[in-house]
Amino acid sequence: MCVPVAHPQSIEQLTALLRDEPKTVLLAGGTDLMVALNHGSQRIGPDELVVSLKEVPELSIIEVDHVQRLLRIGAGVNWDELLGAPVDTLAPCLTQAARTVGSHQIRTAGTIGGNIATASPAGDGVCALVALGAVAVLTSPEGQRRVAVEDVATGPKRSVLANDEFIESIEMPIVDGWQGYSKIGTRNAMVISVAGVAVVLSADSNSCRIALGSVGPTVMLADNASTFAGDSIDWTNKEISADSLERISELVRQVASPIDDHRSTATYRSHSVGVLARRLIERGLQEMRNSI
Amino acid sequence: MSDLGIRESSLTGGLGQSPLRPDGIAKSEGAYEFSSDLSADNMLIGKTLRSPHQHARIVSIDTAPALAITGVHRIITADDVPGKPTYGLISSDQPVFAADVVRYIGEPIAAVVADDEDICARAIEAIEVVYEVLPALADARLAKDPNTPSIHPDGNVIREQNVVTGDLSVVGDVIVEDHYSIGMQDQAFLGLESALAIPDEDRAGVECHVATQWLHEDLGQVAACLDLPTSAVRLVLGGVGGAFGGREDLSLQVHVCLLALATGRPVKMHYSRSESFLGHVHRHPAEIWMRHHATSEGILVKIEAEFVFDGGAYASTSSAVLVNAVTHAQGPYRCENAEVKGIAVRTNNLPCGAMRGFGVVQACFAHERQMDLLAQACGLDPLEIRRRNAMSTGDRLITGQVVESVAPVSEIIEGLSRMPFPEGAGAVEQHPYEMPGGAGNTTRPGDVVRGIGYGLSIKNLMYSEAFDDYSTARCQLRDGIVTLKFATAEVGQGFITIAPQIARSTLGLEEVELDAIDTNVGSAGSTSASRQTWMSGGAVEAACLRVRELVYQHVATTQGTDPLVYAIDGAELVNTSTGDRRPMTEVVVGLEFDEEVEYRHRPTVPLDENGQGDCHTAFAFVGHRAVVDVDIELGLVRVVEMSTVQDVGRALNPLSVTGQIEGGIAQGLGLALMEEIIQRDGRIMNPSFTDYLIPTIADMPPVVAELIEIPDPQAPMGAKGVGEPPTISSTPAVISAVQDAMNTAYGSAPHLRRVPLQPSDVAKTVNAGLGD
Ligand SMILES: Cc1cc2nc3c(=O)[nH]c(=O)nc-3n(C[C@H](O)[C@H](O)[C@H](O)COP(=O)(O)OP(=O)(O)OC[C@H]3O[C@@H](n4cnc5c(N)ncnc54)[C@H](O)[C@@H]3O)c2cc1C
């Protein structure tokens, strides 16, 4: 297959292309797109132009805004770049999620923007970002809008992104507290998530956010479980009762609406997100206690 | 090495050493030409149209719209097969192209040849096939019901074979029984099916470069379908990227030759990964019931078993796989009384056939799970129950055959019991990624329980049941250089390393060259059944021995001595009566010899209706110990270490043996924990390496291997086949270790009965809601 590919050199050129070309397909690392093309589940039509995001420098920024306590990551940043500074200390659950992604080759090609735009419920980066309360900055010829990451995907492979719109960056608060990401797969590395959980414990606001992956049509925020956890944690002593932990597990299982498929069963997925949420909160509180 | 009188220092690259593979550096540098890298000037591309239905009647095929596409040269269907319309390894029951009925999703219906891959893909879509969908037979148990309509003119039963012996009225003091199942494993070779066919100028013949396991078997089948004499078809081994049984049956060979002959141009066919899953046979899924009877001391007194093998739509080697299963049902244990029933059936699922372990994998999983149950029931340690029942040379199998091979089962058990254990869970500072769950960061030391498990097995070597099993090799000596010619498929196992080693040690000459591997010499038989070192190694040795004999005679004539006084020691010719030595390189100056030999193993016989008869040639034995860490609540397993003691006869190339052991264990671990082709209504749900999981470096533990080297008197050079045993009992060892962890944590946990293990099988120990 041979198709023309445009290489815009700036956000301005990219936006202009999206305005002028009737139909475009964005290409970042290609680790989802090329697989879909090779499998024939997606095709490039003769009237479609592939637009590479690789050479748009603004998409590969990582910026720290200390005043607003914000971390801003360009959509074109790859997984490998999320493993090191400053992300590993400012958003460690995103680093942990990045480390679970594919192999070294995939991590140096695949991008965080592609992970969100692909709109898979198994997106590891998405799960971490949802727990962090991250916002996607979407840009189009009409301007910019900001959408909470959990609201970008509307279903498997479906999103709010318009055809002439792209993810420019992702902004997330720098949270003081603890965060972690765990993912289940049936082998020890290079595996699509069967279930994933991200937990962010905020000592700034004495609150908790729990995000769940692979247990519904999109990555979801476990609202009730998050609120209950925030309320039942003893934030002074960083402790929680066994009953409350069990209740959190239960609330997580309740909100999960997984399916049976060739990777796992619905019952196991529900079970495991319950276990992971409990373990992460326990682990987080313990580490917070140890660091007092 | 003293038995051959070789002074290792004086000969480089001889037996017992580990010279590098001749293709090793090219392979690691990416320079090696695999069959998929082949190309020719003026080459066209071929592609296969496959059935989307499990079972359907083909009402019509309209190729006109596809032929109208620019760049499409020809489209062939069943009507274009000039010779035999069907092929098959044992019975010729599989159509080259489906003519009237399709019997599985993925069955070839037509092939297109076009200028490039894209045009092929469009042409395939443009072919209009009208089907009348028929009810599909997907359940092997239903297939054996005589009331179920036949899906094939040969019927639904491929073979039934029982093994009945001794006193069936015997009842044990202790009885354990259960049902076991094995999922469909794929060979998952990395080098996908591919071939390049080049027609002769006059189109009266064709040369086909192909990655296969048995050139001559392919040759016979291909020539018959092409309606050409075998002399008009030449098969050349293309670079093979793994095989494991998946290349025993034809895949694209006939198609690509037909397209080349039809167009008069070189044609290449090359499967994608997802097509490869449809293009070759797989390991049989099996349902097994076993009941073991023992005395209260744990001595086996009777075995009862029933095997149902799902052969899929066509027979392939199902009948031989079944025989291996039923004749190995006892494992490496003595038992006088047995009633074993076996059946292999046709269904509208993917065809199954050969895969490393060939029926014994399924049997071994069941008998080893049973031995663990029996140990528990008798209150014995799992190694002790095996020790008490260990088979030895001279014992009679349930088929009545006496084990004449060296059978060091007790030595294997002793070896395993002596192996030190790795440090306990949590004893060493473990990185979270070294825990169950790996990179998923799910587990901490407090979530982990350690388990230890064992598996033992017996495996037949070579072909069985009166098959005329032979291999051919030719040894030429000229200008001091030895050239070997054989048709032995090098699929990665290392025959191209071993063969020169054999020649060097036999002739005392270091310079050995290998001729092309093709059909310009007699058959070598298949690279399967752990047989090539024995069979083709035996043939190479025999051919070299003949040449050596001629050298001795020549020297004796010129020296006026008796040829019997000569021997080779390292790189020298020794006159054993005078002690005189001369370098062989000097001795052979000016000598030219050329000898070809067919090597046969001793004959075997068919089984009678009670499964009695000396049907197997020889046996090898192995034991495995798995140490695992299990996160029981999540059902995640980390294999910490695999240890093995393997009966190899003699390690002709220790590094190659290690390679077979480590690779085989990886494949056995894969079956235990993750590898399965999941079919729903005959459709593969995971036809890619995204979801057909094979172990990665993060899943593969260190392997500690001990070799038992007792040269087998029947084996050429004393060496037994080593390829299959590592795969066979590693699977139950892993499962047994997981079970041990579950039992340690929860007293008596649910008995694990299926591979691959699902996390929920383990996690249901703590959450009953996850049960079946
Ligand atoms: C072997 C393998 C293993 C994998 N393992 C994992 C895993 O463990 N976890 C996981 O989450 N994923 C995994 N993936 C999936 C994939 O790598 C990730 O989703 C990755 O983040 C996709 O990013 P990309 O840059 O490659 O996207 P691309 O393939 O370039 O694009 C994907 C989609 O997003 C669109 N897109 C890309 N960038 C933008 C943008 N800035 N704005 C709008 N739309 C955009 C594209 O048009 C396309 O539709 C794996 C993939 C492979 C092949």
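In this predicted model, domain 2 and domain 3 of chain B bury about 3500 Å² between them, and carbon and sulfur atoms give 58% of that area. The contact joins 41 residues of domain 2 of chain B to 45 residues of domain 3 of chain B. The C-alpha centres of these two domains of chain B are 30 Å apart. The domain assignment divides chain B into domain 1 (24-32 + 470-600), domain 2 (37-285 + 317-357) and domain 3 (390-460 + 618-772).

The size of an interface is often given as the accessible area lost when the parts come together. The boundary between the two chains can be described in the like manner. Chain A and chain B bury about 2900 Å² between them, with 49% of the area on carbon and sulfur atoms. Three residues, A:Arg187, A:Asn188 and A:His262, account for 27% of the area that chain A buries against chain B, more than any other three residues. The contact between the chains involves 29 residues of chain A and 41 residues of chain B.

Chain A also has a domain assignment, which gives domain 1 (5-52), domain 2 (60-173) and domain 3 (177-290). The C-alpha centres of domain 1 and domain 3 of chain A are separated by 36 Å.

The surroundings of the ligand are considered next. A shell of 30 residues surrounds the ligand, and the closest are A:Leu26, A:Thr31, A:Asp32, A:Thr111 and A:Asp124. By type, the shell consists of 16 nonpolar, 11 polar and three charged residues. Domain 1 (5-52) and domain 2 (60-173) of chain A each provide at least three residues of this shell. At the level of secondary structure, at least two shell residues come from each of strand 2 (24-27), helix 2 (33-39), helix 7 (112-118) and strand 10 (166-173) of chain A. Helix 7 of chain A supplies the largest share, four residues.

| Residue | Part of the residue | Distance to a ligand oxygen atom |
|---|---|---|
| A:Gly30 | backbone N or O atom | 2.7 Å |
| A:Leu33 | polar backbone atom | 2.7 Å |
| A:Asn115 | side-chain N or O atom | 2.9 Å |

On its own, the ligand has 980 Å² of accessible area, and the protein covers 87% of this area.

Most residues other than glycine have a negative phi, and most peptide bonds are trans. Against this background, which form does the peptide bond from A:Ala85 to A:Pro86 take, cis or trans? This bond is cis, with omega near 0°. A:Pro86 is located in the loop between helix 3 (79-82) and helix 4 (87-90) of chain A. In chain B, the peptide bond from B:Val755 to B:Pro756 is cis, with omega near -5°. B:Pro756 belongs to the loop between strand 31 (754-755) and helix 18 (759-763) of chain B.

A further detail concerns A:Lys157, a residue other than glycine that has a positive phi, near 65°. A:Lys157 lies in the loop between strand 8 (153-155) and strand 9 (158-159) of chain A.

Definitions and conventions. Residues numbered from 1 in each chain as written. Chains lettered and ligands numbered in written order. Predicted model: local features only at pLDDT ≥ 70, side-chain atom pairs only at ≥ 80, totals over all residues. Heavy atoms only, no water. Near = heavy atom within 4 Å. Polar contact = N/O pair within 3.5 Å; in protein donor to acceptor, adjacent residues only side chain to side chain. Areas by Shrake-Rupley, 256 points an atom, 1.4 Å probe, with all protein chains shown as cover. Nonpolar A, V, L, I, M, F, W, Y, C, P; charged D, E, K, R; others polar. Domains from an automatic or database assignment. Contact = heavy atoms within 4.5 Å. Buried area = accessible area lost by both parts, 1.4 Å probe.
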